[in-house]
Amino acid sequence: MPVNLALGHVSNDFLIAALVIYSLSVVAFAGDFAFGRPRRADATARVRQAREPATALAVVGAASVAADGASSQDRPVVSGVGGTQGTAAVPPAADSMPELPVPPLRAIGQAGPWIRAAMTLGALAVAAHLTAVVTRGLAVHRAPWGNMYEFVTALTCVAAIFFLFVMIRYRAWALGVFVTGAVVIALGLAETIIYTAAGQLVPALQSYWLSIHVTAMTLATGIFFVAAVLGLVYLAADRYARRISAGRAAPGNGIMRRLPTTEQLDRLTYRTIVFGFPVWTFGVIAGAIWADQAWGRYWGWDPVETWAFITWVLYAAFLHARATAGWRGRRAHYIQLLGFASLTFNILVIQVFITGLHSYAGVS
Amino acid sequence: MFRTKRRAVVLVAAVITGALLVVVLVAGWATSGKRDVTDVNGNPDAVLYTAGHRPLAPDFTATTLTGSRLSFSSYRGRVVVVNFWGSWCVPCREEAAALAVAAQRYAPAGVAFLGVDVRDTTASAEAFARTFDITYPSVSDSGAQITLDFTAVVPIAGTPTTLVIDRTGHIAGAVFGQATYAELNTILGQVDGKAAAR
Amino acid sequence: MTDVRAPEAATTEPRLPGGPARGAQGLADWLKWGWRQLTSMRIALVLLFLLALGTVPGSMLPQEGADPAGVQQYYTSHPALAPLLNHLGLFNVFAAPWFAAIYLLLFASLVGCVVPRTFRLAGSARTLPPRAPRHLARLPHSAEYGTTLAPDRAVEVAAAVLSGHGFRLRRPDDPADAWVSAEKGYLREVGNLLFHLALLGVLVSVALGGLFGYKADRLLVQGDTFANTASALDEIHLGRLATDADLGPFTITLNRFTASYITSGAQRGQPASFDAQVTYAARPGGPSRTDSIEVNRPLSVDGTKVYLIGHGYAPVFRVTDARGQVVYDSPTPFIAGTTGNFLSDGVVKVPGAQPEQLGFTGVFVPTWVDVAGTLQSAFPAAENPAVSLIAYAGNLGMNSGAPQSVYELDTAGMHRLTAEPQLLLPGQSLKLPGGQGTITFTGYVPWVSLAITHDPGQVPALACGIAALGGLLLSFLVRRRRIFVRARAGGPTSTVQVGGLARTDASGSFEAEFASLAAELRSAHSQHEK
């Protein structure tokens with residue numbers, strides 16, 4: 001079937017629109033840093049406070065009232081918000097129950113006007129991005145990740161959607177500027193340096209395994225992309241925390257104060273990688289099945305296969321490091337970032353410059 | 001309790017390893033039993049099968065280079081030398097003269113020679129026969145079917161290969177590679193169990 | 001998280017980091033110390049790094065297995081460095097002993113950890129959850145509320161709720177005590193162990209496949225048949241423990257090969273599809289079937305896979321010698337060079353020509369075009385085929401000596417007949433000077449190159465891979481956690497305390513589960529109050 005060039009142009013237009021809207025949302029996130037109310041992005045701190053008996057409860061309640069509701073996203077559940085309690089009666093003061101989360105939209109509403117704007121723009125940008133990916137697929141009558149441009153576009157879309165969910169679930173508004181900013185940079189690169197016009201695929205790529213293997217790799221790369229950004233934020237927050245405890249920095253830095261604690265960042269990054277690692281493993285297995293169909297062997301140490309293996313080993317090392325004394329924290333994140341570096345190296349260098357069976361990048 | 005368990009694990013592992021070793025040794029000994037082939041003239045690629053251990057040659061029907069049909073079973077009762085060759089094959093060209101001479105020398109004794117031409121075309125094969133004065137017939141095996149059938153009973157690894165079939169249709173001797181006149185002579189002498197001095 | 005090994009703190013005696021405990025320096029102690037080190041997380045981490053690092057040269061340098069020509073090229077472009085790299089095994093990294101040492105050590109470390117943990121898991125499956133601690137408020141997650149139910153009744157209700165969620169319960173021995181312990185999530189360790197064992201299974205499968213499998217190649221001209229036997233294959237690589245007898249006795253006939261190319265646009269000349277129509281029989285005398293082999297669609301016959309890996313053109317020549325005999329009449333496979341668009345080189349050897357043997361070197365172009373005096377191909381499909389020949393006569397060197405390549409002509413014993421290359425279109429003949437004969441280019445047929453592979457370890461490796469993935473998902477999704485409920489009598493209302501503990505919950509998601517469980521327990525108690 002011939003390629004629908006008009007639709008290909010539509011896809012490109014949507015991508016540029018997404019790029020612009022992402023940039024605006026980055027500005028809005030940054031505005032929240034500059035002008036928004038200081039807050040910490042999770043419920044754990046308040047859960048611990050709430051476990052102390054009534055005085056703590058009163059303190060939290062008072063604080064939440066005084067702070068205009070914008071600073072606390074999770075009110076104590078005693079009054080029956082979102083929970084499974086049958087009655088709304090006020091229980092005795094000796095009660096202490098852990099909190100149930102507040103529904104997401106309300107949480108966004110409570111987070112302040114800058115976050116509201118940033119999330120709206122972010123959602124619009126993701127919608128435009130997704131449209132770009134889908135129309136590209138319709139234009140070429142196949143899954144739209146057959147060359148590097150399409151791959152980068154798709155993976156950044158995955159990263160953006162995944163991160164939106166993460167941000168909403170963990171109320172981690174402060175991280176928005178970093179991940180969205182990274183998406184903008186990646187898309188910019190895609191548009192300028194590695195753009196490829198819509199076209200047909202060589203016969204070796206015409207297989208339904210394209211949908212399975214490359215989709216899985218796209219998803220996993222998008223998820224690891226988020227983890228890498230979070231890892232960088234973790235390292236910055238950790239360095240700041242260490243400088244405070246060493247007495248070399250004052251704890252008043254506006255940006256750092258708004259970030260989640262290093263522990264939360266660490267856990268968030270960990271959960272992201274835990275999500276991505278099985279997807280990457282599945283992608284490698286699916287790639288091996290496809291390689292067997294196409295090239296006659298399921299593993300031949302082709303450069304791209306080799307670097308996918310290296311990436312897998314490094315992320316496995318990260319998971320092991322988190323359970324090893326002395327390797328948790330910073331060192332584990334160095335490993336994780338090394339893994340992402342090897343992934344990026346695989347995409348940008350190996351697939352382009354080193355010829356092997358995988359040389360389908362389409363970049364001249 | 002853990003210590004005991006570890007000992008148990010070690011013991012089990014040792015027993016399994018020991019059992020495996022025993023199995024391997026026994027298998028090795030069993031397969032290297034009395035050999036049922038002997039080398040010809042010291043060449044490990046030329047063998048004689050001792051009586052009672054001769055594989056049965058498969059039957060086949062094929063077209064000769066001149067276009068007529070030939071059935072291998074028609075050779076039953078005679079000693080047949082079957083030579084797998086190709087005009088493109090350098091060792092085949094080297095041994096062709098020996099085969100041609102042997103064919104003429106053993107013709108009075110009733111020994112038949114038959115060529116099986118592999119991966120070849122009629123024109124090239126006929127030219128080969130003309131060049132080397134091959135008078136015995138050859139059948140075309142471009143699809144390697146005859147080769148495949150014979151490979152099921154003897155390990156034909158390439159071209160040329162020469163097989164000597166006895167009167168009952170069993171393979172008495174084989175040369176896996178280029179054959180010399182002396183090797184053919186030795187094998188043919190042993191086919192009927194009598195040494196022949198020719 | 002998926003920690004395979006016991007926590008570092010589980011040592012029973014103070015130990016020097018550099019060796020076994022003081023006072024016990026015998027060989028057995030050193031071995032024990034060495035084994036403990038090997039199976040520690042730290043060493044596993046180091047080995048993982050080494051594995052990743054060791055793989056890097058395998059992707060940057062040309063490797064013998066995949067690109068032997070590239071290795072040769074490296075030798076010519078780096079004459080001093082190449083032998084050194086070869087000594088270190090860097091041109092065949094994945095078969096090198098040092099690489100094998102890394103992954104074998106890693107797997108030894110893995111086995112050394114997984115086996116004791118398997119025993120431990122089997123043991124823990126039989127033991128009950130621990131007793132409820134006295135001060136549940138000190139646990140990382142706890143809740144407290146009042147209920148009008150009697151303590152033992154409250155505990156009954158709580159036990160029912162927890163049991164409904166699939167927790168394993170433990171009741172107090174003394175019926176006067178009012179508590180219940182609940183534990184869940186044993187599958188996590190099962191998944192963890194399954195993952196690591198499955199990796200071992202993958203390694204074993206790969207090794208077995210390599211030992212007992214084989215790979216072979218065969219070039220097949222359209223119309224020809226071949227049987228999968230050692231003498232009929234062009235190249236065969238057997239695994240160490242495989243023999244010729246392991247070749248499945250199938251036969252394949254290439255009925256027709258078609259290739260289509262993109263005819264317009266930016267991708268003009270790129271291949272669009274390849275299709276080889278074949279008839280095959282799994283064994284002599286077996287039923288014949290037809291099928292088509294395409295890229296991404298191998299033929300599976302008798303446990304072996306046949307892949308279409310290349311194709312080309314075989315021009316058909318008929319050669320008549322000086323005596324008027326037709327001494328050659330056959331398609332001759334020509335191999336495409338690097339110039340593009342299937343400009344192909346080949347050789348015609350006519351050893352049967354009399355009185356002198358004849359040889360020809362030729363270039364076949366599917367769509368010929370003259371570009372400033374040189375012959376080039378404008379398109380990969382045979383829209384306008386032509387062949388250009390140079391003729392030789394003399395001794396081909398085939399009557400004795402080493403076997404020759406069918407694609408190379410040794411002109412050492414030959415003299416050239418034609419001064420310049422002669423271009424022939426289909427049907428045209430070239431009359432050789434000196435009455436040496438004629439060569440006619442009668443047409444062309446396509447050929448395909450088939451790869452035949454047999455890998456008995458393939459399916460087990462896939463099964464282990466899927467098992468590894470399943471184990472991974474289990475170990476990530478399931479958390480080992482404990483819930484304790486205590487009820488204390490205190491006047492008209494009893495106080496119910498709920499405590500929760502998640503072992504190895506580095507992801508922090510137990511919080512939400514505990515909150516919802518506590519709420520559910522409370523609601524159950526409220527309902528039973530009525």
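User: Which strand of chain C holds Val347(C), and is this residue buried or exposed?

Analyst: Val347(C) lies in strand β14 of chain C, where strands (E, at least two residues) and helices (H or I, at least four) are DSSP runs numbered from the N terminus. The model is predicted, so that local features need pLDDT of at least 70 and side-chain atom pairs count only at pLDDT 80 or more, while totals for chains, interfaces and linings use all residues. Residues are numbered from 1 along each chain as its sequence is written, chains are lettered from A and ligands numbered from 1 in the order in which they are written, and side-chain values use heavy atoms, with hydrogens and water left out. Buried means under 20% relative accessible area, exposed over 50% and partly exposed in between, with a 1.4 Å probe and protein chains only, and at 7% Val347(C) therefore counts as buried.

User: How far apart in space are Val347(C) and Leu517(C)?

Analyst: Along the sequence, Val347(C) and Leu517(C) are 170 residues apart. In space, taken from C-alpha to C-alpha, the separation of Val347(C) and Leu517(C) is 81 Å.

User: About how much accessible area do Val204(C), Leu208(C), Phe212(C) and Leu241(C) have together?

Analyst: Phe212(C), which lies in helix α7 (residues 187-212) of chain C, is partly exposed at 36% relative accessible area. Accessible areas come from the Shrake-Rupley method with a 1.4 Å probe, and for residues only the protein chains shown count as cover. Together the four residues form a nonpolar patch on the surface, with an accessible area of about 340 Å².

User: What is the phi of Asp133(B)?

Analyst: Most residues other than glycine have a negative phi. Asp133(B) is found in the loop between α3 (122-132) and β7 (138-141) of chain B, and counts as exposed at 57% relative accessibility. Although not a glycine, Asp133(B) has a positive phi of about 55°.

User: Near what omega is the peptide bond from Gln354(C) to Pro355(C)?

Analyst: Most peptide bonds are trans. Pro355(C) sits in the loop between β14 (344-350) and β15 (357-365) of chain C. The bond from Gln354(C) to Pro355(C) is cis, with omega near -5°.

User: What distance separates the centres of domain 1 and domain 2 of chain B?

Analyst: An automatic or database domain assignment supplies the bounds, dividing chain B into domain 1 (1-31) and domain 2 (35-197). Taken over C-alpha atoms, the centres of these two domains of chain B are separated by 49 Å.

Key: Patch = residues over 30% accessible without salt bridge, like charges linked within 9 Å, V, L, I, M, F, W, Y side chains within 5 Å. Salt bridge = Lys/Arg side-chain N within 4 Å of Asp/Glu carboxyl O.
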